[in-house]
Amino acid sequence: MHEFSYKNGSLHCEDVDLQALTTEHGSPLYVYSAGTIRQNYLAMSQALAGLDHEIAYAVKANSNLSVINVLRELGSGFDIVSGGELFRVIKAGGDPGKCTFAGVGKTEEEIRYSIEQGIYCFNVESEEELIEINRIAATMGKVAPIAVRVNPNVDAKTHKYISTGKSENKFGVDFEYIEGVYERASALENVHLKGLQMHIGSQLTSVKPFVEAVEKVTPLAVKLKEAYGIEFFSIGGGIGIVYEDALASGPESWWTEQSEEDRPLTPALYAEKIVPTLKESGLKILLEPGRYMVGNAGVMITKCLYEKKGSAKTFKIVDGAMNDLIRPALYEGHHEIVPVKEQYDEKVLMDIVGPVCESGDFFCQNRELPNVQPGDFIALMSAGAYGFVMASNYNTRPYPAEILVNGEDAKVIKPRQVLEELIEDELEALNG
Ligand code: LLP
């Protein structure tokens, strides 16, 4: 569920009219609904209420300080993947003691910084990293808390670039080797075995791979608790969201109208299938949802600049591009596209493309959509996760602005980048 809907013929985010907002702030523009983020967090924590658990929001999905702050206020912890993300969490007022640090390539600088700041745990992805953390902690006279990430060799059945739980992926330690790693880790003096972690992939739309992974790995977690006194088992993130019918999926009625097999993966279903097994483990369970928390809480608005009718196709050229939202180009990701103004007389088959000089720069191809005209705004739905965070300055295009909506209030949480700022340091180097 989310808070984007048409009111008085215009798309709104909560009580804010997106037509007026974009006219004021320009485009492309990211707009997030704080209310939707709160609903998502509460839906997940309520579904897991019977379980000793903690939610560690995966900051990589959307790391704007104001977004982190919304989750911090709700009591969320944070799953981070770089020293930079830890820096952001701290600057947003978050507690490093509620941060888990994942990733296969942590640098010495990042490890030192995290130990200094007192993070909750390192999620270690190889034995080599374990030895390095032990060495660095020793030089600091500290004992670093660690969990090892197990790769359970379960097929998440998602896009190959975001599938992480198979043996051929670079992540974690193979299931067959993991006990040996704990045994050797237990002999190291400057690490403390605190937990076990796994994450099988992102944008999972079926509960089955989660069930398979939880059933395979929970007995291992229990064994490690008995052998080494670990206190938590992190089951990672990965809950998928609705991309295809994103706008319709806002009202509760849409969710209940779906047939059993078409119904999206909800925290309630997820909890129903995995909580009994997890509860029996007697361990604290950590979850690392990213996309679920913020994905449907954001849209990217862009303006139609030109209509170009070729012999084969009609192109609508917009002012947003693959550098602003790369998911369609990189993962063949589908984002539902809706006009900001509700009423159009006709629908036509179109490609919506950006100004970047690559054929991969499209938001949709051969899609039948309302016949938007130059000057009209369109919204790319479900762009709150892995949208702005993956943006770049390719083609010297400044970053879009980001807005956070709270009821009637719309606040600029990151101003649009200006060209001077984009080249500032280069100019200094040139003239220095
Ligand atoms: N935990 C770990 C260790 C992860 O690697 C990830 C995501 C998460 C949690 C959060 O997963 P989520 O709940 O958001 O699915 N850019 C891609 C997604 C990359 C996901 C990377 N890891 C996309 O736009 O689809």
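Is Lys-316 buried or exposed? In this predicted model, Lys-316 is buried, because its relative accessible area is 0%, and a residue counts as buried when that value is under 20%.

Another salt bridge joins Asp-351 to Lys-313, with 2.8 Å between the closest N and O atoms. Asp-351 belongs to strand E17 (residues 347-353), while Lys-313 sits in the loop between strand E14 (298-309) and strand E15 (314-318), so the pair ties together parts that are 38 residues apart in sequence. Asp-351 is buried, because its relative accessible area is 3%, whereas Lys-313, at 24% relative accessibility, counts as partly exposed. In the whole structure, the search for such pairs finds 15 salt bridges.

Four residues, Glu-108, Arg-112, Glu-132 and Arg-135, are linked in a network of salt bridges.

Glu-132 counts as partly exposed, because its relative accessibility is 27%. Arg-135 also falls in the partly exposed class, with a relative accessibility of 38%.

## Helix H5 and its cover

Helix H5 spans residues 108-117, and its buried residues are Glu-110, Ile-111, Tyr-113, Ser-114 and Ile-115. The parts of the structure that cover these buried residues include helix H4 (83-91), strand E7 (99-101), strand E8 (121-124), H6 and strand E9 (144-151). Just after H5 comes Gly-118, whose phi angle is positive, at about 75 degrees.

The domain assignment divides the protein into domain 1, made of residues 4-11 and 296-426, and domain 2, made of residues 34-293. The centres of domain 1 and domain 2, taken over C-alpha atoms, are separated by 31 Å. To the contact, domain 1 gives 26 residues and domain 2 gives 27 residues.

The size of an interface is often given as the accessible area lost when the parts come together. Between domain 1 and domain 2 this buried area is about 2200 Å², and carbon and sulfur atoms give 55% of it. On the side of domain 1, the residues that lose the most area to domain 2 are Asn-296, Tyr-331 and Tyr-386, which together make up 25% of what that side buries. How many salt bridges are there between domain 1 and domain 2? The count between these two domains is zero.

## A nonpolar patch on the surface

On the surface, Ile-423, Leu-427 and Leu-430 form a nonpolar patch, and together these residues have about 290 Å² of accessible area. One of them, Leu-430, is placed in helix H13 (residues 419-431). Leu-430 is exposed, because its relative accessible area is 66%, and a residue counts as exposed when that value is over 50%.

Methods: Residues numbered from 1 in each chain as written. Predicted model: local features only at pLDDT ≥ 70, side-chain atom pairs only at ≥ 80, totals over all residues. Heavy atoms only, no water. Salt bridge = Lys/Arg side-chain N within 4 Å of Asp/Glu carboxyl O. Buried < 20%, exposed > 50% of the residue type's maximum accessible area, 1.4 Å probe, protein only. Helix = DSSP H or I, 4+ residues; strand = E, 2+ residues; numbered from the N terminus. Patch = residues over 30% accessible without salt bridge, like charges linked within 9 Å, V, L, I, M, F, W, Y side chains within 5 Å. Areas by Shrake-Rupley, 256 points an atom, 1.4 Å probe, with all protein chains shown as cover. Domains from an automatic or database assignment. Contact = heavy atoms within 4.5 Å. Buried area = accessible area lost by both parts, 1.4 Å probe.
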